[in-house]
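Let's take a walk through a protein chain together. Have a look at the picture below, and then we'll go through it piece by piece.

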Amino acid sequence: MAEHFEIAVIGSGPGGLGAATNAAKHGLSHVLIEKAELANTIYDYQLRKLVMAEPRRLPLRSHVPFEEGSREEVLAGFQKAVEETGVNYLKAEVNKVTREGDTFLIGCTNGQQFTAKHIVLGIGTMGTPRKLGVPGEDLPHVAYTLADPDAFNGMDIIVVGAGDSAIENALGLADKNSVSLLNRSGEFPRAKDANRAKILEAIDSGKVRCFYNAAIARVEPERAFLSTPDGEVEVRCNHIIVRAGSIPPRKFVEGMGIKFPSSDLNSFPSVNDRYESNVPNIFIIGGLIGYPLIKQAINQGYEVVEHILGNAVEPADQVIIEEVLGHLPGDVNANLEMIRKKLRLFSELSKPQFRELIGDSKVHVVEQGDVVFEKNDYTDTFWNVVTGSVGVEMPDDPNKMFKLGPGNFFGEMGLISGRRRTATVRALEKSILIETKRNQILKLMSSVPSVKDAVDQVFFLRALKTSIFPDADPIFLAELTQRAERANFQKGDALFAEGDQGDYLYIILKGSVKISRKNVDGVDVAQTYLAAGNYVGEMALVTEEPRTATVTAVVPCNTLRIAKEDFRDLLERNPETRENVMRLIAERQIENITSARDAASAQALNFVLSEGVSDADNVLLINSDLCIGCDNCEKACAATHKGYSRLDRKGGKSFAAIQLPISCRHCENPLCMLDCPPDALERKADGEVVIKENCIGCGNCVTNCPYGVIQLVYDKPHGFDLLSLFGKKKKKEKGPAKAAKCDLCEKLESGPACVRSCPTGALLRVNPTDMMRLLINREETSIG
């Protein structure tokens, strides 16, 4: 007869250990079943890996000791806890769990069987490793784990991934090898703060080479071909380590009768606040419900045993929830449940996931008429309406308001596109709003398919409505978003070419494109550019004529494309929209006839586009025909900023009379603001990017800026000094270095000192939109 236990814990990860040690302490009959090594995920970490104890604000509640330390120290602490508490530990692989009356029958691959009244699943998500999915993925030098970094010496290694495992592998290998890290995005949103800071420091120092927004296209012996924003790149490599996560053991879990909210392989099973699944007496903790951090899982293991015993237990993160919701009237837990019911976007989050979301958000109580944010503000947080309502000003008429009530969200345009807010949002009545950090929403979008789908759908719908279809039937527009496709283009990719047959309309969600046409010699001549929020390609869909221009991405672009048949159907159903489109087509046809551009003008436009000016907000421009090289601009800048010039007049690039010196452009999508540990970089409502006094000199912004306009400088507290100018070797001073860049002389009412000091008027600060308009409409290349 099978041995019976009150609690069977499957999986000896941090959550399983938390549950088993607490069951042992209570004297409950129990068994902890593990198919591999104790705490196997941590056991598989690379040797001597530093294991961090995050979230740092979260208290530890368990009989399992855990604090930041090496892999070996953490495992030793876990082993000691198992021995001291008397955990009944069994090494076996469970392959089947079935219900038999009020108990569960547990079968193992070795033939052993047990019965249990309660089951705690702590198996995590470590199923089959995700492969590259490209030619060459099965070559012998492609691996999915790293045990000992010291086993590699003098090799060219590529690490694929942007999470903690990939970062730690790259850092562990970098001392003795040439390491390249591939990040599919431009950030590290899933990494712990400490790991993020370390990898950015390694990238800044050149210790690790990072390819952002890149992926492996194919693998061959001794080399890999990467797809990057600048095209395909060949990289030499002797070894590839893929840390792209795993395919969860969903089939095993569903075999117990546990339900998932969707068919997506990345979704998590739902649990209640006792961690109980839809199957009574089966509890799930840790990574399998979206809580991969060790401290979180240990706490959940402890708590689930208390719940099984019927003991009242307050979640360990309650102190964090109270910090966030404590200012609201009423009971904190009742308010948390009320917010959860209101926010439909997060309906498929497990309760632990939702608590984590709230713990990383701010709750605002706003009065009628309060401005949440204004059009053209540079903020990128995400907002949800809990109670009350807000009004979104319509772009074509600020007096018109689009009302959003409880359960709706806004701010997705800035979240995804990275550009200015597209509308002003005001409270229409007293309301409760939740503001969530961008990284937290991006993390949820990457792990919870329903959140990504919902945000994308609303983003697409509002992008369509604000760009080309403001008067379209809302029902049909919603249908159209279901049929529209996302299409992404790297820098230099053509959306379509002159002479092609029209097949799609493109709405630019992020980035900007160049419009060019061939001249009589067959050479592409730049005509104009379009930034995010515009659309292109409608003319050929209506006229049935071939494309009249080539459209090329000047920076990486995300677009939404609508098939010809859907577009024409929309025009047939919506006369007002058709009238607006036909009017625009007529204007563009006239422009095609009258806008023939001379070669010099086209080259000037090509130059500023290739230098990324279309993605800037405020650019410093020098008319080199007027510049006399006096360097008054650099001297004035240095005198204003404690002896350090924030511009390099001789640096940068030039074309004809246009010179773009090295100086901050205050970008619309400022990469410098990514991964700033103290949040010392701030983008003001007018678009100006400034560095605050709490900068710690980590150098992350220096690394992330693609234009080389930020430098680390030492404070000069003892008077004025002109020893160090931008780009020249600085005398090292006492005290910490801090980041410095152009701040538009924000403390001077008279404006930028460099512009005022120029004796010939050669220097000016211009809005790129105005600059582009000048170049598009001008007849010659001189500035003046």
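In which loop is the place of Leu-744? Leu-744 sits in the loop between strand S42 (737-740) and helix H21 (753-757). Its phi is near 60°, a positive value in a residue other than glycine. Asp-631 has a positive value too, with phi near 65°, and you'll find Asp-631 in the loop between strand S36 (619-623) and helix H19 (632-640). The helix and strand names come from DSSP runs (H or I of at least four residues for helices, E of at least two for strands), numbered from the N terminus.

A word on the ground rules: this is a predicted model, where local features need pLDDT of at least 70, side-chain atom pairs count only at pLDDT 80 or more, and totals for chains, interfaces and linings use all residues. Residues are numbered from 1 along each chain as its sequence is written, and side-chain values use heavy atoms, with hydrogens and water left out.

Let's see how domain 2 and domain 3 meet. Four residues from domain 2 and five residues from domain 3 take part in the contact (heavy atoms within 4.5 Å). Together the two domains bury about 340 Å², with 45% of it on carbon and sulfur atoms; buried area is the accessible area (1.4 Å probe) that two parts lose on being put together, summed over both. On the domain 2 side, Glu-187, Pro-189 and Arg-190 supply 93% of the area buried against domain 3, more than any other three residues. And how many salt bridges are there between domain 2 and domain 3? The count is zero.

**Salt bridges**

The rule asks for a side-chain nitrogen of Lys or Arg within 4 Å of a carboxyl oxygen of Asp or Glu. One of them joins the side chains of Lys-49 and Glu-168 (1.8 Å, N to O). This pair links distant parts of the chain, 119 residues apart: Lys-49 is in the loop between helix H2 (40-43) and strand S3 (50-51), while Glu-168 is in helix H4 (residues 164-174).

**Hairpins and a sheet**

Now for the strands, which count as paired if DSSP finds at least two bridges between them. Strand S14 (residues 215-220) and strand S15 (residues 223-228) run antiparallel and are joined by five bridges. Glu-220 stands opposite Arg-223 in S15. Their hairpin has two residues between the strands, and Glu-222 takes a positive phi near 70° there.

S15 also pairs with strand S16 (residues 231-236), antiparallel over six bridges. Here Thr-228 faces Gly-231 in S16, and this hairpin has two residues between its strands.

Finally, four strands make an open, antiparallel sheet in the order S20-S27-S22-S25. Its edge strands are S20 (361-366) and S25 (409-410), each pairing on one side only. Strand S22 (residues 382-387) and strand S27 (residues 431-436) share five bridges in the antiparallel sense, and Thr-387 has Ile-432 in S27 as its bridge partner.
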